[in-house]
Amino acid sequence: MNRSTRQLMLLLHLLLFLSGLSLVAMGTWVTAGGGGPFLHLLGPFSNQLLRFLNIGLLCIAMGTTLVLLGALGGCAAHWESKCLLLTFFSIVLIIFICETAAGVVALAYSSFAQGILKAWAVPALQNDYGSDPTVTGIWNYTMVELKCCGFSNYTDFLGSKVEEQNGTGLPPSCCSTNIAPCSPAEAARSPVQGCFDPILKTLRKHTCAVGGVAAGVGLLEIAAMIVSMYLFSHLDEKVS
C-alpha cells in the first residue's frame with residue numbers, strides 16, 4: 001500500500017471519528033435539556049413523539065458508532081488487515097442502508113404531517129388545555145412565542161373544557177389585543193393565525209439542518225467504503 005493511499009484512508013476515518021464526537025456532543029446537549037425550547041414548539045404532542053424517538057439518545061448512539069468505526073478503519077488501514085477492512089466495509093454499508101431507509105420513511109411521512117400533528121394537537125386542546133398544567137403551559141408557550149392561536153385557528157377551542165370553564169372565554173393569544181377576556185367574536189375579527197404553519201416552518205428549519213449533517217455523514221461513509229474496498233483489492237493483489 002502506498003503512503004498517499006494510506007494517508008487518505010486515515011484522513012477519512014479521522015473525519016468519521018470527529019463526526020461521531022460531534023453527534024455525541026449534540027446528543028448529550030439535547031438529553032441534558034439544551035433542546036428544550038425547540039421541543040416545546042412541538043406543542044402538546046411532543047411527549048407522545050418522544051415516546052417513540054429520543055433524539056438525544058439516538059444522536060449519542062449514532063455518534064458512538066461512528067467513533068468506533070473511525071477507530072476500526074484507522075486500525076485496518078494502519079495494519080493493512082483484510083479482515084478489519086471487510087468488517088469495516090460491512091458495518092458501514094449496513095448503517096448507510098439503515099440511514100437511507102430512515103430518510104425515505106421520513107420523507108414519506110412528512111406528507112402526512114398535518115394529519116399526524118392534528119391528531120395529537122386538537123384532542124389536547126379540547127380535553128386537556130386548562131386542566132392539565134403541562135399541556136396548558138406548553139400551548140401557552142407555543143402561542144405566545146409564535147404569536148398564534150390553536151392548531152388551525154381559534155375554532156379549536158370552541159366547545160373545549162377551557163371555554164366551558166371560562167364562559168366562552170378563549171386564551172388571550174387568540175385576540176390581537178392579547179388581553180383577557182377574548183371572546184369568539186373578537187377572535188374571529190382578529191388576524192391571528194393558527195399554530196400549524198409556524199410550527200411546520202420551525203420543524204422544516206431544524207429538519208434541513210439535521211438533513212445537511214446526515215448528508216455530510218453519508219458522503220463520508222460512501223467515500224470510506226470506496227477507499228476501504230480499494231485497499232482490500234490492493235492488498236489481495238499484493239498477496240497474490
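A residue counts as buried under 20% relative accessible area, as exposed over 50%, and as partly exposed in between. Keep that in mind for the close-ups below, which show a predicted model.

View 1. Start with L11, which belongs to helix 1, the run of residues 3-34. Its relative accessible area is 44%, so L11 is partly exposed.

**View 2. Y129 and F157 meet edge-to-face.** The structure holds two aromatic pairs, and this view shows the one made by Y129 and F157. The partners come from distant parts of the chain, 28 residues apart. Y129 sits in the loop between helix 6 (113-127) and helix 7 (133-146), while F157 sits in the loop between helix 7 and helix 8 (161-166). Are these two residues buried or exposed? Both Y129 and F157 are buried.

**View 3. F151 and F196 form a tilted pair.** Here the ring centres of F151 and F196 lie 5.3 Å apart, with the planes at 55°. Planes under 30 degrees apart would be stacked and those over 60 edge-to-face, so the angle of 55° makes this pair tilted. F151 is found in the loop between helix 7 and helix 8, and F196 in helix 10 (residues 196-239), so the pair ties together parts that are 45 residues apart in sequence. F151 and F196 are buried as well.

Technical notes: Residues numbered from 1 in each chain as written. Predicted model: local features only at pLDDT ≥ 70, side-chain atom pairs only at ≥ 80, totals over all residues. Heavy atoms only, no water. Phe/Tyr/Trp six-rings, centres within 6.5 Å; stacked < 30°, edge-to-face > 60°. Helix = DSSP H or I, 4+ residues; strand = E, 2+ residues; numbered from the N terminus. Buried < 20%, exposed > 50% of the residue type's maximum accessible area, 1.4 Å probe, protein only.
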